[in-house]
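Biologist: I've never read a protein model before. Please put one up and walk me through it.

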Amino acid sequence: MPRDEVLALFARRQKAIERFDASALARDHSEDGIVDSPAAGGTVNGRAAIEVTYQTFFDAFPDLKSETEDLVIDGNRVAWFFKASGTQRGGFMGVPPTGKAFSVPMVFYSVLRDGKIAHERRIYDFTGILVQVGLLKAKPA
């Protein structure tokens with residue numbers, strides 16, 4: 001995939017996040033795409049299931065913000081570095097809203113195939129999110 005097309009793909013993805021458009025984000029994945037995500041509890045297979053992972057975050061954090069910090073492109077591999085933040089206003093992990101905010105750096109590492117994301121590994125401090133929104137208690141130092 002040419003570099004300019006990869007840049008356009010990830011610019012489109014950023015705009016879809018800003019619109020809270022889980023369907024548009026899912027369409028960027030292969031029909032048989034794979035996502036490894038801490039929030040999903042491991043590996044998610046298929047575009048429909050991947051869409052659920054996006055919608056779950058949007059429902060839990062309806063003010064979710066994503067700020068791209070860097071995009072590293074190496075052929076068909078892309079590392080998208082961004083900062084995510086939001087306030088838990090919807091249920092998350094089976095827990096009612098806490099009204100507390102989180103902010104963490106994230107990396108989505110993607111392998112592209114035929115203009116789509118074939119495999120995505122989401123890397124971030126999931127425990128940190130849970131502590132920040134009050135779903136886990138941190139042990140004092």
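Modeller: Let's start with Glu 120, which is buried, with a relative accessible area of 0%. Buried means under 20% relative accessible area, exposed means over 50%, and partly exposed is in between (1.4 Å probe, protein chains only). One caution: this is a predicted model, where local features need pLDDT of at least 70, side-chain atom pairs count only at pLDDT 80 or more, and totals for chains, interfaces and linings use all residues. Residues are numbered from 1 along each chain as its sequence is written, and side-chain values use heavy atoms, with hydrogens and water left out.

Biologist: Which residue forms a salt bridge with Glu 120?

Modeller: A salt bridge is a side-chain nitrogen of Lys or Arg within 4 Å of a carboxyl oxygen of Asp or Glu. Here the partner is Arg 13, and the closest N and O atoms are 3.6 Å apart. Arg 13 sits in helix H1 and Glu 120 in strand E6, so the pair links distant parts of the chain, 107 residues apart. Those element names come from DSSP runs numbered from the N terminus: helices are H or I with at least four residues, strands are E with at least two.

Biologist: Is Arg 13 buried or exposed?

Modeller: Arg 13 is buried, also at a relative accessible area of 0%. Contact means heavy atoms within 4.5 Å. Leaving out residues up to four places away in sequence, Arg 13 touches Leu 25, Asp 28, His 29, Tyr 54, Trp 80, Ile 117 and Glu 120. Arg 13 and Glu 120 also belong to a network of salt bridges, together with Arg 12, Asp 28 and Arg 122.

Biologist: How many salt bridges are there by this rule?

Modeller: The count comes to 7. One of them joins the side chains of Glu 31 and Arg 47, at 3.0 Å from N to O. Glu 31 counts as exposed at 55%, while Arg 47 is partly exposed at 21%. Another joins Arg 113 and Asp 32, whose closest N and O atoms are 2.8 Å apart. Arg 113 is in strand E5 and Asp 32 in strand E1, so this pair ties together parts 81 residues apart in sequence.

Biologist: Which residues lie nearest its centre?

Modeller: Of the 22 lining residues, those are Thr 53, Tyr 54, Phe 57, Phe 108 and Arg 122. Helix H3 gives the most to the lining, with 7 residues. By class, the lining has 17 nonpolar, 4 polar and 1 charged residues. Nonpolar here covers Ala, Val, Leu, Ile, Met, Phe, Trp, Tyr, Cys and Pro; Asp, Glu, Lys and Arg are charged; the others, Gly among them, are polar.

Biologist: Last one: which residues touch the most other members of the largest nonpolar core?

Modeller: In soluble globular proteins, nonpolar side chains tend to be buried together. A nonpolar core is a set of buried Ala, Val, Leu, Ile, Met, Phe, Trp, Tyr and Cys residues joined through side-chain atoms within 4.5 Å. The largest one has 35 residues, and Phe 57, Phe 61, Phe 102, Met 106 and Ile 129 touch the most other members. Take Met 106: leaving out residues up to four places away in sequence, it touches Trp 80, Phe 81, Phe 82, Ala 84, Ile 123, Tyr 124 and Ile 129.

How values were computed
1 Å grid on protein atoms, 1.4 Å probe; cavity = no way out; pocket = protein on both sides within 12 Å on 5 of 7 lines; lining within 4 Å.
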